[in-house]
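Dear colleague,

Please find the structure below, together with its sequence.

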Amino acid sequence: MRDHDLPALERRTRGKIRFDDDEPQFLKRGRPTEPPADPDGEPDPDTGDRWSSWDDAVHGPQPCPDWLVTELAAKDTELGVLKTGKEADVHLVRRAVPETDRSCLLAVKRYRDAEHRLFHRDAGYLEGRRVRRSRENRAMAGRTAFGRQMIAGQWAAAEFAALTRLWEIGAGHDRIAVPYPVQLRGTELMLEFVGDAKSGQAAPRLAQLRPGPAELRDLWGQLVEALRVLARAGYAHGDLSPYNLLVHDGRLVVIDLPQVVDVVANPQGPEFLARDVRVVGTWFLARGLAAEQVDPAALTGELLREAGVR
């Protein structure tokens, strides 16, 4: 293991525990945001809305949920910022068909341009991911402007692919909840908004909650089952913390998967998985879950066996 990968991440958790680098900012009312430049058309001069980009994007798994607006006559309206981060910001967008009652809220994740993006954690995560052309591999390794753009594309595509697979798994008998991946367009990822669709209030992160004993046990059980499903699919979340777990109507929802790690192909996969378990286990223990219910070493071993590593 290289010194600048996992040890640097472990150092963040020494002393006062920090579970996430991103600022826990939520929707800021009255703070307008600029949508990305759309080469295919100008915004409506009266409203500033843009036509739906559904027709020229990669779509999520079929069949689409009933709530999703796919009509090409729909327009996208920027409502604000849900979350800011070092690599990307998440915006709230309403997609609606004018003069109808057809509308839905979407969480839109946009990676910053190569000049302003800080991929401070990508070296270890990208092991095991390769593109076919040597030029692209060299550019990514050298962190050139072109290489950073390639990395941004890999983050977005990796998250979209992982969410697609997990959504399909969750639609069966396995228990895991993730946002529906609506579409992928370049480095912009549109996702199901998890929260109150009427008010636009996002579901709280696990870190915001102070659950009682019964709820704490239930949430831990949901999390363990979600980790098992991830492991059976060959994944470690790679950056799991109480800040990228939402709780919506009592259900734990796993979010923020751009750094998803292939536990088998990535040499550091088992270490990432073990760290995921340690971080969330520490949070649950600090909130009062009985120590006999949280055994990070035993759970890590079980998950590695589920992934076929041991």
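Two strands are said to pair if DSSP finds at least two bridges between them. Strands (E, at least two residues) and helices (H or I, at least four) are DSSP runs, numbered from the N terminus. The model is a predicted one: local features need pLDDT of at least 70, side-chain atom pairs count only at pLDDT 80 or more, and totals for chains, interfaces and linings use all residues. Residues are numbered from 1 along each chain as its sequence is written, and side-chain values use heavy atoms, with hydrogens and water left out.

Seven strands make up an open sheet with antiparallel pairing, in the order 1-3-4-5-7-6-2. Strand 1 (50–51) and strand 2 (58–59) stand at its edges with a single partner strand each, so one side of each has no neighbour in the sheet. Strand 2 runs antiparallel to strand 6 (residues 181–185), to which two bridges join it; here His59 has Gln183 of strand 6 as its bridge partner.

Strand 5 and its partners

Strand 5 (residues 103–111) is largely enclosed by the rest of the structure, because eight of its nine residues are buried (under 20% relative accessible area; exposed is over 50%, and partly exposed lies in between, with a 1.4 Å probe and protein chains only). On one pairing, strand 4 (residues 88–96) and strand 5 are antiparallel over nine bridges, and Leu92 stands opposite Ala107 of strand 5. The hairpin of these two strands has six residues between them, where Glu99 takes a positive phi near 65°. Strand 5 also pairs with strand 7 (residues 188–192), in the antiparallel sense and over five bridges; Leu106 stands opposite Glu192 in strand 7.

Two individual residues

Leu166 belongs to helix 4 (residues 145–170) and is buried, with a relative accessible area of 0%. Leaving aside neighbours within four places in sequence, Leu166 is in contact (heavy atoms within 4.5 Å) with Ile176, Val178, Leu230, Tyr235 and Leu257. Of these, Val178 is 12 residues from Leu166 in sequence and 7.1 Å away in space, C-alpha to C-alpha.

Ala73 lies in the loop between strand 2 and strand 3 (75–84). Ala73 is partly exposed, at 40% relative accessible area. With neighbours within four places in sequence again set aside, the contacts of Ala73 are Trp51, Val97 and Pro98. Trp51 and Ala73 are 22 residues apart in sequence, with 7.1 Å between their C-alpha atoms.

Yours sincerely
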